Amino acid sequence: MRSVYEAANLIDAHLVRQALEAEGIPAFVRGEALTGGIGELGVFGLVGVMVPDAAWPQAREVVAALQLGEQALADDEEFPGAQPA
């Protein structure tokens, strides 16, 4: 699994996940359970959208087409080998 989108919040992440799934790309919201720890954990980088490695190039195109902002697109090597919790 690779991170394709770093979300500002859960709603943002689920909207991107649904857009990816509408294109036939399986997606997983990473860090959803961590949002309850806000105040105890760092606020940034908790929630993201993960896709299988093979689907990453197509998923990146879908996320880019959503025009959500360049900073939200996850870098190719940001989480090398990351696995969902």
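## Burial and overall architecture

A residue counts as buried when its relative accessible area is under 20%, and as exposed when that value is over 50%. By this criterion, 38% of the 85 residues of the chain are buried. The model discussed here is a predicted one.

The chain contains 2 helices and 3 strands. Read from the N terminus, these elements follow the order β-α-β-β-α. When contacts between residues at least 6 apart in sequence are considered, 67% of them join residues at least 24 apart. The accessible surface of the chain is about 5100 Å², and carbon and sulfur atoms account for 55% of that area.

In soluble globular proteins, nonpolar side chains tend to be buried together. The largest nonpolar core of this chain has 18 residues, and the members that touch the most others are V4, Y5, L20, I25, V49 and V51. At least two residues of this core come from each of strand 1 (2-6), helix 1 (10-22), strand 3 (48-51) and helix 2 (56-65). Helix 2 supplies the largest share, 4 residues.

L20 illustrates how separate parts of the sequence meet. Apart from its neighbours within four places in sequence, L20 is in contact with V4, I25, A27, V49, V51, A59, V62 and V63.

Which residues of helix 2 are buried? They are W56, A59, V62 and V63. Viewed down the helix axis, these buried residues fall within an arc of 120 degrees, so they line one face of helix 2. The cover over them includes strand 1, helix 1 and strand 3. On the other side of the helix, E61 and A65 are exposed.

Q58 also belongs to helix 2. Is Q58 buried, partly exposed or exposed? Its relative accessible area is 41%; because this value lies between the limits of 20% and 50%, Q58 is classed as partly exposed. Leaving out residues up to four places away in sequence, Q58 touches E23 and I25. Q58 and E23 are 35 residues apart along the chain, and their C-alpha atoms are separated by 9.2 Å. After helix 2 comes Q67, which has a positive phi, near 55 degrees.

## Aromatic rings

How many aromatic pairs does the structure hold? The number is 0.

Methods. Residues numbered from 1 in each chain as written. Predicted model: local features only at pLDDT ≥ 70, side-chain atom pairs only at ≥ 80, totals over all residues. Heavy atoms only, no water. Core = buried A, V, L, I, M, F, W, Y, C linked by side-chain atoms within 4.5 Å. Buried < 20%, exposed > 50% of the residue type's maximum accessible area, 1.4 Å probe, protein only. Contact = heavy atoms within 4.5 Å. Areas by Shrake-Rupley, 256 points an atom, 1.4 Å probe, with all protein chains shown as cover. Phe/Tyr/Trp six-rings, centres within 6.5 Å; stacked < 30°, edge-to-face > 60°. Arc of directions from axis to C-beta.
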